[in-house]
Amino acid sequence: MALTDTTGGQAVEPAPIEKPQGYWSGVGARLVRDPLTMICAGVVLALILAAVFAPLLGLADPYKGSMIARLKPLGTEGHILGTDEQGRDMLARLIYGGRLTLFIGLMPVVLAFFIGSALGITAGYVGGLTNTIIMRTVDVFFAFPSVLLAIAISGALGAGIVNSLVSLTIVFIPPITRVAEAVTSGVRALDYIDAARATGANAWTVIRVHVIGNVLSPIFVYATSLTSVCMILAAGLSFLGIGVRPPEPEWGLMLNTLRSAIYVNPWLSALPGVMIFITSLCLNLLSDGLRSAMNVRD
Amino acid sequence: MLTYLIRRLILVLPVAFGVSVICFLLVQIAPGDPLTAIMPVDATAEEQDAMRAAYGLDKPLPIQYAIWIGNLVQGDMGKSIATGRPVAGEVFGAVQNSLLLAVSAAVIAFPIGTALGFLAGYFRDTLVDRGVTAISIAGVSVPNYWLGIVLVIIFSVNLGWLPSMGAGPGGSSEWQWNWEHMRHLVLPAVTLAVVPIGIVARTVRALAGDILSQDFVDALYAKGMSRVDVLRHVARNAAATALSVMGLQLGYLLGGSILIETVFNWPGSGFLLSNAIFQRDLPLLQGTILVLALFFVAMNLIVDVAQAAIDPRIQRT
């Protein structure tokens, strides 16, 4: 169509040459024009920075309790968000709590992203028996609802930060592998892969040069959509008592220990959950924003 | 249809096998010797060896698996270490309670989610659509164990309308169809319904939007069909996918109710599971997870078959 002459034989002025916009600068430009996504990115960034630099913020000691200042209500002098069941400052514990909560909530998705991508790209590119072995194993893990699988593995391994990381990473590898395999099989069938192979490039070179760049965006966007679930699950494991151990500040664990206070100081005891909710909401909206900015369709 | 059914049934077997292997391995990855839970501390090495032989723990893993699976197909899932009772009985009693909770949540969530999603899809890019989208994003983002606590604070602590604990008056764990028991079901069921409302609304919105923008809808209007009749066509087109999402959600509700059951002390499988974890009752842990996972597998199968029965396009692929 583009080649047919529609100008009736007249000479056409060539269009002024514009510097073509790169993919990533386009994504960046679209993100900046999306206020909701920017706000969510700001909130997540602020939570991460506050958690990382918590010792510099001049907060109270999150481990130091007081028998006489237990369960002080919100707005107490010196404890703006009150104190918990052991008299520890809630504001300090909520901000310090971000350290473990965000780390255990985000790290498994990062790990699963690398492992799942590697498995999925291998399965999708190599195909055949390798594909069958990897993908049928993945199918078995899909037979477990994610909450059940996380609790099963963590329950068997016992409480602890490393055990939580392990069990959540195992939970998120199968879905990422499945997406990576689907995208890679799609790319693998395209002509330019055959062309690259015809020039004598070996599998590793073709994957590195031609496949990864084309599959990583959709896998990445999919992985970001899992971060919110992972946050909720990670805090949920601690809430059940099979994640972080006391006295570490962690939102899920705090929510659990403060349950004893719902008749004394109900709104105080709901605070750690508010933090989990805000974070997971922002992560979800951020992922939606990224998906539309990166033009990924599901 | 029959060939589809058979093909689908054959595909389930390797998955069920894999699930049983994972459940078997769960006990193997648990730290510590499984004997320490049952043996007295001062047991001699000979006594330990005798016990190990009695439980078959001295045999290689594949043999142990074969013995375990052999007992399993005869309905013997071992004995609970904490109570000494057969695991099978404990699990099935608890699963019934969980199923009751999951189905109640589904009865709340599916009609609401479908209605919201359909409204949003029909009135796309309007205020209604934005409202529903906000509700569904909030629904999938909320940590539901926290929402349960908030509902308890509002409806039990502040208003005193509904009970916050257990499945019946006086901590009764036997379900009965009466008013007192129903009151105990309200808060956990509503809490559990929030996430599937979000997911179903989002799915139905996308489905309705896609189908309404197809040419056949314009064609139906053009030939003078009434709005209601056109919507019947749309509903029929959306039914298969919507039902499959709901079927999966029901499976997730059963497996995912563990946290909610803990919040409300609901005597279901999740409650059993957390007891098993804290008493390091590995046979009970293994049995509960196996039953829940197999239920999920069966649910998947039913969903696929139902979908194929409703939508003739699926069988051909």
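Mentor: Before we start, two residues are in contact if their C-beta atoms, placed from the backbone, lie within 7 Å. Keep in mind that this is a predicted model.

Trainee: Got it. How many residues of domain 1 of chain B are in contact with domain 2 of chain B?

Mentor: Domain 2 of chain B brings 13 residues to the contact. On the side of domain 1 of chain B, the classes are twelve nonpolar, one polar and one charged. The number you want for domain 1 of chain B is 14 residues.

Trainee: Now the two chains. Which helix of chain B gives the most to the side that touches chain A?

Mentor: The contact draws 39 residues from chain B and 34 residues from chain A. Elements of chain B that give two or more residues include helix 5 (127–141), helix 9 (227–256) and helix 12 (282–310). With eight residues, the one that gives the most is helix 1 of chain B.

Trainee: And how many charged residues sit on that side of chain B?

Mentor: Go through the classes: 32 residues are nonpolar and seven are polar. For charged residues on the side of chain B that touches chain A, the count is no charged.

Trainee: Over in chain A, is the crossing of helix 3 and helix 4 left-handed or right-handed?

Mentor: Helix 3 (residues 90–126) and helix 4 (residues 128–142) of chain A pack at about 145°, with axes 7 Å apart. Among the residues that meet there are Leu119(A) and Val126(A) from helix 3, and Ile134(A) and Met135(A) from helix 4. The crossing of these helices of chain A is left-handed.

Trainee: Which peptide bond is cis in chain A?

Mentor: Look in the loop between helix 8 (203–240) and helix 9 (251–257) of chain A, where Pro247(A) lies. The bond has omega near 5° and runs from Pro246(A) to Pro247(A).

Trainee: Back to chain B: is Asp125(B) buried or exposed?

Mentor: Asp125(B) is in the loop between helix 4 (87–122) and helix 5 of chain B, and its phi is near 60°, a positive value in a residue other than glycine. Asp125(B) has 9 of them, so it counts as exposed.

Trainee: How far apart are the end C-alpha atoms of residues 182–201 of chain B?

Mentor: The unreviewed UniProt entry annotates that span as "transmembrane region". Residues 182–201 of chain B are 100% helix and 0% strand, and the end C-alpha atoms are apart by 26 Å.

Definitions and conventions:
Residues numbered from 1 in each chain as written. Chains lettered and ligands numbered in written order. Predicted model: local features only at pLDDT ≥ 70, side-chain atom pairs only at ≥ 80, totals over all residues. Helix = DSSP H or I, 4+ residues; strand = E, 2+ residues; numbered from the N terminus. Nonpolar A, V, L, I, M, F, W, Y, C, P; charged D, E, K, R; others polar. Axes fitted to C-alpha atoms, helices over the stretch in contact; angles between N-to-C directions. Left-handed = near helix turned anticlockwise from the far one by under 90°. UniProt positions renumbered as here; feature names shortened; annotations may be inferred. Buried ≥ 20, exposed ≤ 12 C-beta atoms within 10 Å, placed from the backbone.
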